[in-house]
Amino acid sequence: MRIITGDFKGKKIEMPVGYDIRPTTEKGKEALFSIISSHLNIDDTVCCDLFSGTGNLGLEALSRGAAKCFFCDKSRDSINLIKRNI
């Protein structure tokens with residue numbers, strides 16, 4: 001898994017082994033951000049990546065120009081993974 005575009009394009013995102021995390025695919029991220037960008041400009045926005053898992057979507061938003069992102073997950077393993085990915 002990697003960041004698709006923006007300032008951090010190509011940065012690899014560490015994936016968990018043996019966890020119940022299903023990260024959003026690159027194709028899914030591309031579709032999601034295409035829909036979002038057709039309705040608003042993401043530059044300098046604040047976003048929240050709920051049920052973050054790997055932090056994949058929040059990191060993509062930051063790469064695309066979001067000013068800040070809050071990552072939320074109840075799993076301590078996921079939180080540690082998100083910290084490593086950041």
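In this predicted model, confidence in the protein chain is lowest in helix 1, residues 26-39, where the mean pLDDT is 92, and highest in strand 2, residues 68-72, where the mean is 97. Over the protein chain the average pLDDT is 92, and 99% of the residues score at least 70.

**Fold and dimensions**

The protein chain contains 3 helices and 2 strands. Read from the N terminus, these elements follow the order α-β-α-β-α. Along the principal axes, the C-alpha atoms occupy a box of roughly 35 × 20 × 20 Å. The radius of gyration of the protein chain is 12 Å, which agrees with the value near 12 Å for a compact globule of 86 residues. Among contacts between residues at least 6 apart in sequence, 51% connect residues at least 24 apart.

**Surface and interior**

Of the 86 residues in the protein chain, 30% are buried.

In soluble globular proteins, nonpolar side chains tend to be buried together. Here, the largest nonpolar core has 6 residues: Phe33, Ile42, Cys47, Ala61, Ala66 and Cys69. Within this group, Ala61 touches Phe33, Ile42, Cys47 and Ala66, when residues up to four places away in sequence are not counted. Phe33, one of these partners of Ala61, lies within the residue range 26-39 of helix 1. Cys69, another member of the core, falls within the range 68-72 of strand 2.

The structure holds 0 disulfides. Cys48 is in no disulfide, and the nearest cysteine sulfur to its own, that of Cys72, is 3.9 Å away. A disulfide requires the two sulfur atoms to be within 2.5 Å. The 3.9 Å between the sulfur of Cys72 and that of Cys48 is therefore too far for a bond.

| Residue | Relative accessible area | Class |
|---|---|---|
| Cys48 | 45% | partly exposed |
| Cys72 | 30% | partly exposed |

The class of partly exposed applies between the limits of 20% for buried and 50% for exposed. Cys48 counts as partly exposed because its relative accessibility is 45%, and Cys72 has that class with a relative accessible area of 30%. Cys47 and Cys69, by contrast, belong to the largest nonpolar core, whose members are buried.

Note on methods. Residues numbered from 1 in each chain as written. Predicted model: local features only at pLDDT ≥ 70, side-chain atom pairs only at ≥ 80, totals over all residues. Heavy atoms only, no water. pLDDT = per-residue confidence, 0-100. Helix = DSSP H or I, 4+ residues; strand = E, 2+ residues; numbered from the N terminus. Core = buried A, V, L, I, M, F, W, Y, C linked by side-chain atoms within 4.5 Å. Buried < 20%, exposed > 50% of the residue type's maximum accessible area, 1.4 Å probe, protein only. Contact = heavy atoms within 4.5 Å. Rg over C-alpha atoms; globule rule 2.2 N^0.38 Å.
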